[in-house]
Amino acid sequence: MEKQISVKVCLGTTCFVMGSSNLQELIETVPKKYGNKVDVAGVPCLGLCSIDWEFSKAPYVKVDDEIIKEATVEKVLKAIDEKLK
Ligand code: FES
């Protein structure tokens, strides 16, 4: 079976305030674009904002094991495309 790419959009408070509300559209658009090759979900705080608080680069999105800082829709789609190559 083909491996699924997992995309986790942090919807914790810090990330949400820092803009992950804009990323929620990924939860709709990614399955439309990639079908079941990619599993996308909103998740509670990934714990990254507290580690990295002073230099907070929220919002964070995880694509498999890769952490995307200051995530945008474009960055996330690019990361997915890289992995599917
Ligand atoms: S709220 Fe996103 S990592 Fe904490």
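Here is a short chat about this predicted model, from its overall build to a few of its residues.

Colleague: I'm new to this one. What does the secondary structure come to?

Modeller: Keep in mind that the model is predicted. The chain has four helices and four strands. Starting at the N terminus, the order is β-α-α-β-α-β-β-α.

Colleague: And how compact is the chain?

Modeller: As compact as a globular protein of that length, because the radius of gyration is 12 Å and the globule rule gives 12 Å for 85 residues. If you go by the principal axes, the C-alpha trace spans about 40 × 20 × 20 Å.

Colleague: What share of the residues counts as buried?

Modeller: Of the 85 residues, 39% do. The accessible surface is about 5400 Å², and carbon and sulfur atoms make up 54% of that.

Colleague: How much of the contact count comes from residues 24 or more positions apart?

Modeller: They account for 65% of the contacts with a separation of 6 or more.

Colleague: Switching to charges. How many positive and negative side chains are there?

Modeller: There are 12 positive and 13 negative ones, and the centres of the two sets lie 3 Å apart.

Colleague: How many salt bridges turn up in the whole structure?

Modeller: The search finds three. In general, oppositely charged side chains can pair when their charged atoms come close.

Colleague: Which residue does Lys-3 pair with?

Modeller: Asp-64, with 3.7 Å from N to O. That pair links distant parts of the chain: Lys-3 sits in the segment before β1 (5-10), while Asp-64 is in the loop between β3 (61-63) and β4 (66-68), 61 residues apart.

Colleague: Is Lys-3 buried or exposed?

Modeller: Lys-3 is exposed, as its relative accessible area is 64% and the cut-off for exposed is over 50%.

Colleague: OK, next bridge. What does Glu-66 meet?

Modeller: The side chain of Glu-66 meets that of Lys-83 at 3.6 Å, N to O. This one also joins distant parts of the chain, with Glu-66 in strand β4 and Lys-83 in helix α4 (residues 73-84), 17 residues apart. Glu-66 is partly exposed at 36% relative accessible area, and Lys-83 is partly exposed too, at 34%.

Colleague: And what is the N to O distance for Glu-82 and Lys-85?

Modeller: That salt bridge comes in at 3.3 Å. Glu-82 is partly exposed, with a relative accessible area of 46%, whereas Lys-85 is exposed at 76%.

Colleague: Now something else. Where is Ser-20?

Modeller: Ser-20 is in the loop between α1 (13-17) and α2 (25-34).

Colleague: Buried or exposed, that Ser-20?

Modeller: Ser-20 is buried, because its relative accessible area is 0% and buried means under 20%.

Colleague: What does Ser-20 touch, not counting residues up to four places away in sequence?

Modeller: Ser-20 touches Cys-10, Leu-11, Cys-15 and Pro-59.

Colleague: Last one, Glu-70. Where is Glu-70 found?

Modeller: Look in the loop between β4 and α4. Glu-70 counts as partly exposed, with 42% relative accessibility.

Colleague: And which residues is Glu-70 in contact with, leaving aside neighbours within four places in sequence?

Modeller: Lys-57, Ala-58, Pro-59 and Lys-75. Take Ala-58: the C-alpha atoms of Glu-70 and Ala-58 are 5.1 Å apart in space, with the two residues 12 apart in sequence.

Key. Residues are numbered from 1 along each chain as its sequence is written. This is a predicted model: local features need pLDDT of at least 70, side-chain atom pairs count only at pLDDT 80 or more; totals for chains, interfaces and linings use all residues. Side-chain values use heavy atoms; hydrogens and water are left out. A salt bridge is a side-chain nitrogen of Lys or Arg within 4 Å of a carboxyl oxygen of Asp or Glu. Helices (H or I, at least four residues) and strands (E, at least two) are DSSP runs, numbered from the N terminus. Buried means under 20% relative accessible area, exposed over 50%, partly exposed in between (1.4 Å probe, protein chains only). The radius of gyration is taken over C-alpha atoms; the globule rule is 2.2 Å times the number of residues to the power 0.38. Contact means heavy atoms within 4.5 Å. Accessible areas come from the Shrake-Rupley method with a 1.4 Å probe; for residues, only the protein chains shown count as cover. Lys and Arg count as positive and Asp and Glu as negative; His and the chain ends are not counted. The place of a charge is taken as NZ of Lys, CZ of Arg, CG of Asp or CD of Glu.
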